[in-house]
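Let's take a walk through the charged pairs of this protein. Have the model open beside you as you read.

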Amino acid sequence: MKISYTAHATATNGGRGVGEASTDDGRVAVKFSTPKAMGGDDGPGTNPEQLFALGYSACFLGAMRAAAKRDGKALPQDATVEAAVSFADREDNVGFAIVPRLTARVPGWEKADIEATMQLAHDICPYSNLIRFAHDVELAAG
């Protein structure tokens, strides 16, 4: 696999629910809070699921644009992808899982055309690939 770009981010001060995280270039910096639905105080910070939803929706919309182009179409500028990312208990009772749902809206397109473009985009998008197939994660102690 040829890597063309690597993003770097670091979580500090407890991470999920209480800490913060930022990218090495300083373009993104967030504070974390835990939603009430997860037993938290619903504070002003974000959470990892919201960040994943932002990334997945943006990536998938870009993949839809690429998929449409492959089919000789142009995805309208006002097309949208909404990502709903749920946090769930795993059935093995060891850890947790994220459960995503994508909803695409393409004004002026028939439902069948949107669905066909979404299927091709699902093959293109790296977030979809990550979710659909097992990938090794390199764990390193620094």
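A salt bridge here is a side-chain nitrogen of Lys or Arg within 4 Å of a carboxyl oxygen of Asp or Glu. Side chains of opposite charge can pair when their charged atoms come close. This is a predicted model, in which local features need pLDDT of at least 70 and side-chain atom pairs count only at pLDDT 80 or more, while totals for chains, interfaces and linings use all residues. Residues are numbered from 1 along each chain as its sequence is written, and side-chain values use heavy atoms, with hydrogens and water left out.

The structure contains 6 salt bridges. One of them joins D123 to R132, with 3.1 Å between the closest N and O atoms. For accessibility, buried means under 20% relative accessible area, exposed over 50%, and partly exposed in between (1.4 Å probe, protein chains only). D123 is exposed at 52%, whereas R132 is partly exposed at 34%.

Next, look at E49 and R16, whose closest N and O atoms are 2.5 Å apart in a salt bridge. E49 sits in helix α1 (residues 48-70) and R16 in the loop between β1 (9-12) and β2 (20-23), so this pair ties together parts 33 residues apart in sequence. Helices (H or I, at least four residues) and strands (E, at least two) are DSSP runs, numbered from the N terminus. E49 is buried, at 9% relative accessibility, while R16 is partly exposed at 38%.

Finally, R105 and E82 form a salt bridge at 3.6 Å, N to O. R105 belongs to strand β5 (residues 96-105) and E82 to strand β4 (residues 80-89), so the pair links parts 23 residues apart in sequence. R105 is partly exposed at 45%, and E82 is partly exposed at 42%.
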